[in-house]
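Here's a quick tour for anyone meeting this structure for the first time. Keep the 3D view open and follow along.

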Amino acid sequence: MGTPIETLRRRILAARGEIPADTVLKGGRVVNLFSGRIEEGDVAVLDGYIVGVGLSYSGKEEIPVRNKWIVPGLIDGHLHVESSMLSPAHVASALLVHGTTAIVADPHEIANVMGLDGVRYMLRESSDIPFDMFFMAPSCVPATHLETSGATLSPSDLKKLLEEPRILGLAEMMNFPGVLMGDPQVLEKILLYQDRVVDGHSPMLTGYDLQGYLSAGIGSDHESTVPQEAIEKMENGMMLMIREGTSAKNLDALLPLVTVRNSDRFCFVSDDLHAEDIQDRGHLDFVVRKAVVSGLDPVTAIRLVTLNPAAYFRLHKRGAIAPGYRADMVILNDLNEFEVADVYKDGRRVVRDGQLAALEWHPSDSSFVPAGPLRIAPLRPDDFHIPHSGGRARIIELVPGQILTRIRMESVPSVNGLVKTAPQNDLLKLAVVERHTASGNIGLGLVSGFGLQEGAIASSVAHDSHNVIVAGVEDEEICRAVEVVRDMGGGLAVVRGTETLASVPLEIGGLMSREPLQNLVPQLKIVKKAAAGLGCPLEEPFMALSFLALPVIPELKLTDKGLVDVNRFEFVPLFEAA
């Protein structure tokens, strides 16, 4: 390659047409995100960088792309890899075919389980792949004091991540009350990353509280759900991340806010995107298509997933087709439909005709050694008995299509002084079993909305601390389902009686599979079908289950420490009279 000066000199010579480029895409329709124009021309690439855009370039390899569009590789500015249940390398291969060449991930799920070791695993497994996986340092581990987490990340822990070149800043600051109240630990974390990007997470924060939150140096928000909230945040300088994921879909509500004058203040993100959705609908390519159908100009839509996130995250020379920029490019058969033909990463073709190209790259998780069964204290069915103390009980009621729940107060049946489930009335037991320290903590409650007529479903994906959560009819089945998850080292399970109907191992921290997308998705479909066979009407039963342990989303949630009234942010007894 020669010295840096020689390398730079070669790029200049190739840009001037005095030496051939490595690769030239010939005669494509180049989408210019600076001017908004589309012009026919060649794109010349040398040493992984675009060196020239114009006419009549020559290269050692010349690839005709006439009647096709050339756009930059897509960048997702906020994605939790763990929510896909795919490992970092496998999620990269799954996203590349959709035109994504970079993501900015918040690894707080694995950090809640494994601490800094989990963050370092994510960095290690994404270090040598044809895909840019950047990370933000998790700001809130654990998320609350109301649950048992697998780790705690202090300011001194986060300081250790400052030297990692792919750690771009501080991840979503969910503890906005801590910011507003001046909590010293919270402010110390922000100060550590004050010269980098600090992401926000501030649902329904407005007025002077929003001003205080922003004055701490926080720069983005992906939790806006209504226009008035989003426009206030955008007008006060936030990068407004319009989220369109599996569980939260805000595009329809917020897209009308994007105009010619303010389009540089928005970007599209996924937040949480499950493996099945990646396979069935795509990634940011799906969001671009949906935005275009809703009336957004396609060039503007593409800017929201390329140049805008690159600028916000200070990703130098990325997000555009221009001289001096990295040669991360997508070749489209159709601009409006965002139909991906080929993808280039650093000038190398990694997707050909919509399929991963043959590469000397085989996604694996060689550095991860499963730890064996989860650390759960010995269990008996009696552990899931709930004494009936009289009066009305607080029941967690699912809200269809939402991660929030309602509190329902009503009398519940009992037998021999113990609470009895009533599947005919959609009343089930819910339990959260601590799995990080074998403490024996088991939170017990009641839930309505799963519709199970028999059996139990359990999962080690339970935001944010990821203890084992289970819903079921009989105590024996509930206990059995937790044991199946425990013995797999984490995962999803469906049990009826003493029989395990279906299971999906998630051996990486109890959150991610070692299998690629094409192997994992059929397993997920089988386990959901098994849940449906027990009477569950939900399209995503395990997703609904996973959020019932998240004590920051109203109204009523359950952790390993007990039942939480989120509005009051405190523990409450199951029975009103207790």
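This is a predicted model: local features need pLDDT of at least 70, side-chain atom pairs count only at pLDDT 80 or more; totals for chains, interfaces and linings use all residues.

## Starting at a hairpin

Which residues point one way from strand β28, and which point the other way? Leu 556 and Leu 558 go one way, while Lys 557 and Thr 559 go the other. The four residues are buried, on either side of the strand.

To get from β28 to β29, the chain makes a hairpin through two residues.

## The eight-stranded sheet

Now for a bigger piece of architecture. Eight strands make an open sheet, in the order β19-β18-β23-β22-β25-β24-β26-β27, and the pairing is mixed. At the edges stand β19 (405-410) and β27 (499-505); each has a single partner strand, so one side of each has no neighbour in the sheet. On average, neighbouring strands here are turned by 25 degrees against each other, direction ignored.

Zoom in on β22 (residues 428-433) and β25 (residues 468-472): they run antiparallel and share five bridges. Within that pair, Ala 431 sits opposite Val 470 in β25. Two helices pack on this sheet. Helix α15 touches β22, β24 (456-459), β25, β26 (491-496) and β27, with its direction at about 150 degrees to that of β26. Helix α16 touches β24, β26 and β27, and its direction makes about 150 degrees with that of β27.

## A buried charge without a partner

Is Glu 477 buried or exposed? Glu 477 is buried, and yet it has no salt bridge. The nearest side chain of opposite charge belongs to Arg 496, 6.8 Å away. A salt bridge would call for a nitrogen-to-oxygen distance within 4 Å.

So who does Glu 477 meet? Setting aside neighbours within four places in sequence, Glu 477 is in contact with Glu 454, Gly 455, Ala 456, Val 495, Arg 496 and Gly 497.

## The five-stranded sheet

There's another open sheet to find, made of five strands in the order β6-β7-β8-β9-β10, with parallel pairing. Its edge strands are β6 (74-79) and β10 (197-200), each pairing on one side only. Neighbouring strands in this sheet are turned by 25 degrees against each other on average, again ignoring direction.

Three bridges hold the parallel pair of β9 (residues 167-173) and β10 together. Look for Gly 169, which stands opposite Val 197 in β10. Lying across β6, β7 (100-105) and β8 (132-137) is helix α2 (residues 88-96), which runs at about 135 degrees to β7.

## What's packed inside

In soluble globular proteins, nonpolar side chains tend to be buried together. Here, the largest nonpolar core has 136 residues, and Met 173, Phe 268, Leu 430 and Phe 450 have the most contacts inside it. Helix α16 (residues 517-533) supplies the largest share of this core, seven residues. Apart from that core lies another, of 19 residues, including Phe 384, Val 468, Cys 479 and Met 488.

Not counting residues up to four places away in sequence, its contacts include Ile 396, Leu 444, Val 447, Ile 469, Leu 545 and Leu 558.

Technical notes. Residues are numbered from 1 along each chain as its sequence is written. Side-chain values use heavy atoms; hydrogens and water are left out. A nonpolar core is a set of buried Ala, Val, Leu, Ile, Met, Phe, Trp, Tyr and Cys residues joined through side-chain atoms within 4.5 Å. Buried means under 20% relative accessible area, exposed over 50%, partly exposed in between (1.4 Å probe, protein chains only). Contact means heavy atoms within 4.5 Å. Two strands pair if DSSP finds at least two bridges between them. Axes are lines fitted to C-alpha atoms, for helices over the stretch in contact, and angles run from 0 to 180 degrees between N-to-C directions. Lys and Arg count as positive and Asp and Glu as negative; His and the chain ends are not counted.
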